[in-house]
Amino acid sequence: MNVRIEASWQEALKDVFDSESFAKLISFVKDEYSSANVFPEGRDIFNAFDYCPLDQVKVVILGQDPYHGPGQAHGLSFSVKPGVPFPPSLQNIFKEIQSDLGKEFPENGDLTRWAKQGVFLLNAALTVRAHQAGSHQNRGWEEFTDQVIKTISDSRQHVVFMLWGAFAQKKVKLINQDRHLVLKAPHPSPLSSYRGFFGCKHFSQANSYLLENGRQAIDW
């Protein structure tokens with residue numbers, strides 16, 4: 001199946017895109033977009049891939065679902081478009097960066113600038129119905145994004161995987177920890193951030209690891 005996605009991902013995931021299960025997933029997604037209010041906009045579904053080619057991935061931050069409020073989701077986990085108020089989890093991410101690295105809060109919550117530096121902002125499901133969290137889970141997206149994580153693990157070296165919360169941490173089985181750095185912490189949501197997300201220092205740890213392995217640090 002021909003998917004409009006950045007060329008290196010198109011090549012690396014060719015077998016996945018040609019699979020019957022992916023065809024079924026796309027059929028479901030198309031039906032949803034034609035019959036319901038679904039986020040993000042269709043053209044933004046694969047933004048994480050388009051902004052961050054496979055050979056440029058340095059850090060993977062895994063989310064679960066796109067935001068399901070109007071105007072929030074745009075294809076990058078935890079990110080919102082300029083002008084959209086920071087959702088609570090994103091606010092807590094910026095609080096941890098401020099504590100860890102001394103950086104002030106940015107003007108907006110658009111993380112495209114991270115993606116362009118090699119931060120792959122992947123949600124486990126890439127679409128969601130408006131106001132219905134988890135509505136597109138268990139429809140095939142997780143099978144696809146598991147393959148994506150495995151592809152990064154198998155084809156790259158010295159990538160930092162930030163796994164926040166129990167859901168993300170289950171993905172550790174897809175990652176070769178001899179080749180990569182896995183950082184785990186509670187989820188940055190207000191429900192769990194005080195159990196160890198605050199103070200995890202993942203952002204400074206990631207930069208130290210990248211520099212140790214001859215790669216450029218991320219300007220968080």
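This is a predicted model: local features need pLDDT of at least 70, side-chain atom pairs count only at pLDDT 80 or more; totals for chains, interfaces and linings use all residues.
## Annotated region

An unreviewed UniProt entry places the annotation "domain: Uracil-DNA glycosylase-like" on residues 50–210. Over that stretch, 30% of the chain is helix and 14% is strand.

Four strands make up an open sheet with parallel pairing, in the order β3-β2-β5-β6. Its edges are β3 (119–123) and β6 (181–185), each of which pairs on one side only. From one strand to the next, the twist averages 20 degrees. Helix α9 (residues 202–212) packs on this sheet and touches β2, β5 (160–164) and β6. The direction of α9 makes about 165 degrees with that of β5.

Strands of a sheet pair through backbone hydrogen bonds, in either a parallel or an antiparallel manner. In this model, β2 (residues 59–63) runs parallel to β3 and is joined to it by 5 bridges. Another 3 bridges join β2 to β5, and these two strands also run parallel. Ile61 stands opposite Leu121 in β3 and opposite Met162 in β5. Leu62 stands opposite Leu122 in β3.

Strand β2 is mostly covered, with 5 of its 5 residues buried. Val59, Ile61 and Gly63 lie on one side, Val60 and Leu62 on the other, and both faces are covered.

## Helix α5

Helix α5 (residues 88–101) has 14 residues, which at 1.5 Å a residue should span 20 Å; the C-alpha atoms at its ends are 20 Å apart, in agreement with that value. Just after the helix, Gly102 has a positive phi of about 75 degrees.

The buried residues of α5 are Ser89, Leu90, Asn92, Ile93, Phe94, Glu96, Ile97 and Asp100. An α-helix has 3.6 residues a turn, so residues three or four places apart point the same way. The buried residues of α5 pack against α6 (112–115), β5 and α9.

## The nonpolar core

The largest nonpolar core holds 70 residues. Those that touch the most other members are Phe49, Trp114, Phe120, Phe144 and Trp220.

Which residues does Trp114 contact, leaving aside its neighbours within four places in sequence? They are Ile61, Ile93, Phe94, Ile97, Val119, Leu121, Phe203, Asp219 and Trp220.

Definitions and conventions: Residues are numbered from 1 along each chain as its sequence is written. Side-chain values use heavy atoms; hydrogens and water are left out. Two strands pair if DSSP finds at least two bridges between them. Axes are lines fitted to C-alpha atoms, for helices over the stretch in contact, and angles run from 0 to 180 degrees between N-to-C directions. Contact means heavy atoms within 4.5 Å. The expected span of a helix is 1.5 Å times one less than its number of residues. Buried means under 20% relative accessible area, exposed over 50%, partly exposed in between (1.4 Å probe, protein chains only). UniProt positions are given in the numbering used here, feature names are shortened, and annotations may be inferred rather than shown by experiment. A nonpolar core is a set of buried Ala, Val, Leu, Ile, Met, Phe, Trp, Tyr and Cys residues joined through side-chain atoms within 4.5 Å.
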